[in-house]
Every structure is written in structure tokens, then in C-alpha cells.
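Me: Hi! I'd like to learn how to read a protein model by eye. Could you walk me through one?

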Amino acid sequence: MSCAINSARRCRTPFGNNIAGTLPDAQLEGMANKIDVKNENIIQTSFADNNFDLITSNLCLHNIYDKQLRIKACKGIYMILKPGDKVIISDFKHNAEYKEVFEGLGMQTEKKTTCFFSTYPPLTVIVAKKN
């Protein structure tokens, strides 16, 4: 199994904002021998097409300030996702944009209810399935 961080910036963990900080978390969860953690820029990814079963992004894509680069990031996610599998985007802005890009690529999308009381900032989840 491979694990990808699909953001132009690193994903934060309780142990730090880097690969070395992520590995102790994986060890605590008993997953260290089952994952391969990489730091990759989704805008210029080297991952092979149709490579991942599931891609998640939590509060990451909005950090790509340029709209065209966010669109490119969504297209990069689409390219490395296996057919029939899903991407889950959780963010507090640009959700309609993510949904529109994924639909334009032929993905089935679903917007989950925005969580106003359980998260801060309020998050919306977009689930998209690659056909």
C-alpha cells in the first residue's frame, strides 16, 4: 500500500509538518511497515497514472492561491487515481471549484453537508469517483 500527501504544501501531523514527523505517527498506529510515506507536489507529481486507490486532502488545496494551479492540482489527483476509486477533499473554500473540475473530468461527485458545529473552520467534503 502506498500513501501520498496530495498537496502543494506538506500535510500536518501531531509530530510535525514533514516526513520524519509522520513516521512516528505511523509507528504508533502499527502501520509503519505497511506504508510508504512520500512528500510530493501534486502540481508536478512523479506518481504514475492510475496508481492510488484513495486520495484524501484535508485543508490543503486552498493553500494553492492561484486558481489555475488549483485546477492543475485537481487534474493531477484525477490522473494518479485508479479508475473506480475515490478522492475525498475536505476544505473550507473553493469546494464548488473542486467539484466542477472533477465533474468536467467525468467523475461522479457528491457534496457532503458542510460541518458548521464540529469543525473550525466549517468544512465541506467533496467525494469524487473516477469512472
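This is a predicted model: local features need pLDDT of at least 70, side-chain atom pairs count only at pLDDT 80 or more; totals for chains, interfaces and linings use all residues.

Me: In what order do the elements run from the N terminus on?

Reply: The order is β-α-β-β-α-β-α-β-β, with three helices and six strands in the chain. Among contacts with a separation of 6 or more, 68% are between residues 24 or more positions apart.

Me: How do I read a helix, and which residues of helix 3 are buried?

Reply: Start with the general idea: an α-helix has 3.6 residues a turn, so residues three or four places apart point the same way. Now the case here. In helix 3 (residues 95–104), the buried residues are Asn95, Glu97, Tyr98, Val101 and Phe102. These residues lie on the same side of helix 3 because they cover an arc of only 160° around the axis. The face turned away from that buried side carries the exposed residues Ala96, Glu100 and Gly104.

Me: What covers the buried residues of helix 3?

Reply: The cover includes helix 2 (67–80), strand 4 (81–91), strand 5 (108–111) and strand 6 (124–129). After helix 3 comes Gly106, with a positive phi near 90°.

Me: And loops? Where does Ala48 lie?

Reply: Ala48 sits in the loop between strand 2 (37–40) and strand 3 (52–58). With a relative accessible area of 44%, Ala48 is partly exposed. Ala48 and Leu81 are 33 residues apart in sequence, and their C-alpha atoms are 9.2 Å apart in space.

Notes
Residues are numbered from 1 along each chain as its sequence is written. Side-chain values use heavy atoms; hydrogens and water are left out. Buried means under 20% relative accessible area, exposed over 50%, partly exposed in between (1.4 Å probe, protein chains only). Helices (H or I, at least four residues) and strands (E, at least two) are DSSP runs, numbered from the N terminus. The arc is that of the directions from the helix axis to the C-beta atoms. Contact means heavy atoms within 4.5 Å.
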